[in-house]
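Subject: Structure for you to look over, with notes

Dear colleague,

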Amino acid sequence: MKIEVHYNHFDPEAPDDEWIPKCVANGWVILTGDKAIETDPINAKAVEESAAKVFITADTNSKAEEWAAAIIVGRRKLARVVEYNNGAFCVDVDKHATNHVSPERYKGGGGPKPKEESPIPQPPEEISSAAIAEPESPPDPQQVIQFPKDQPSIEPDDDDIVSDIEACVEREGRMNKTTTAEFDGIPFRVRFEAERQVACDPICPNCGYDLEQSAIAGQDAMLLCPSNNKGCTIPVKSFRTAEEMGQFLTRASEEIEKHSQ
Ligand SMILES: [Zn+2]
């Protein structure tokens, strides 16, 4: 089992009906926390038409590590579901040991693969429809798990999966994070997405609040702490002009980005 992370292949803002068929074309199954993949009519159509195999995690509030553990525990069942069924289908993955992986909800031409030796029973209609009645959750960044088609064994190597998932969790932490850095005596809150610095905002050295920029054309400019906390310097930093303040913030962002690489 090999894991491909959504944002390594697609823009985070890519419409669902654009990346879903591309996953299928790559031979990947989809693991997502976004229930809209099944409930949104446009996404549902993309799933059905591309014959996608979709696993949906039961909630999006848990840590990535918890879901990684659930996937590790359920991997053989997942691999069997992929092996024995044609897409399109959606399957719920739960964290609890009982009823860990739900029955398949087949879409369009989806269904069990015809196999003489070991026929897979169809889920009763009432179970598949009952399993659809899930509460809506906020969307979550999608991840894609790949089961290579040419792999004859459906019993994947434990060590490979564990190290794959560990690498995934570690890479996620490295790629998206918030840290603080200092420039010219002022601390900045720095945010990285996909290892790119996307924000670098000055914060109060005393209380950590985001500083406000105060500037009037032709007059002094300053960085002010809005917290009214006792002991915060007023202003935290002042400049002769708004332009000078702008240059300071740009230089701070550039220097911090340079040193974070
Ligand atoms: Zn403050």
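Strand β12, residues 212-215, and strand β13, residues 221-224, pair in the antiparallel sense over four bridges, and within that pairing Ala 215 stands opposite Ala 221 of β13. The two strands form a hairpin with five residues between them, and Gly 218, which lies in the turn, has a positive phi of about 80°. Please keep in mind throughout that this is a predicted model.

As for the chain in general, its secondary structure comes to eight helices and 14 strands.

An open sheet of three strands has the order β9-β10-β11, and the pairing in it is antiparallel. Strands β9 (177-183) and β11 (196-202) stand at the edges and have a single partner strand each, so one side of each is left without a neighbour in the sheet. Neighbouring strands here are turned by 30° against each other on average, with direction ignored. Helix α8, residues 242-259, packs on this sheet and touches β9, β10 and β11, while its direction makes about 135° with that of β11.

Within the sheet, strand β10 (residues 186-193) is joined to β11 by six bridges, the two strands running antiparallel, and Arg 191 stands opposite Ala 199 in β11. The loop between β10 and β11 holds Glu 195, a residue that has a positive phi of about 65° although it is not a glycine. Glu 195 has 12 other C-beta atoms within 10 Å, and it counts as exposed because the limit for that class is 12 or fewer.

An enclosed strand and its partner

Is strand β2 enclosed by the rest of the structure or left open? Five of the five residues of β2 (residues 28-32) are buried, so the strand is largely enclosed by the rest of the structure.

Helix α2 (residues 16-25) and helix α4 (residues 41-50) pack at an angle of about 20°, their axes being 9 Å apart. Because angles under 35 degrees count as roughly parallel, α2 is described as roughly parallel to α4. The crossing in which α2 passes α4 is right-handed. On the α2 side the residues that meet the other helix are Asp 16, Asp 17, Ile 20, Pro 21 and Val 24, and on the α4 side they are Ile 42, Asn 43, Ala 46, Val 47 and Ser 50. By class, this contact of α2 with α4 has six nonpolar, two polar and two charged residues.

His 9 has its place in helix α1, residues 6-9, and counts as partly exposed, with 14 C-beta neighbours inside 10 Å. From C-alpha to C-alpha, His 9 and Lys 22 are 9.7 Å apart in space, and they are 13 residues apart in sequence.

Backbone details to check

Most residues other than glycine have a negative phi, and most peptide bonds are trans.

A cis peptide bond joins Gly 87 and Ala 88, with omega about 5°, and Ala 88 has its place in the loop between β4 (85-86) and β5 (89-93). Another cis peptide bond joins Ile 234 and Pro 235, where omega is about -15°; Pro 235 is found in the loop between β13 and β14 (237-239). The loop between β13 and β14 also holds Asn 228, which is not a glycine and yet has a positive phi of about 60°. Asn 228 is exposed, with 9 other C-beta atoms within 10 Å.

With best wishes

Note on methods: Residues are numbered from 1 along each chain as its sequence is written. This is a predicted model: local features need pLDDT of at least 70, side-chain atom pairs count only at pLDDT 80 or more; totals for chains, interfaces and linings use all residues. Two strands pair if DSSP finds at least two bridges between them. Axes are lines fitted to C-alpha atoms, for helices over the stretch in contact, and angles run from 0 to 180 degrees between N-to-C directions. Two residues are in contact if their C-beta atoms, placed from the backbone, lie within 7 Å. A residue is buried if 20 or more other C-beta atoms lie within 10 Å of its own, exposed if 12 or fewer, and partly exposed in between; C-beta atoms are placed from the backbone. Angles under 35 degrees count as roughly parallel, over 145 as roughly antiparallel, 65 to 115 as roughly perpendicular and the rest as oblique. A crossing is left-handed if the near helix is turned anticlockwise from the far one by less than a right angle, and right-handed if clockwise. Ala, Val, Leu, Ile, Met, Phe, Trp, Tyr, Cys and Pro count as nonpolar, Asp, Glu, Lys and Arg as charged, and the others, Gly among them, as polar.
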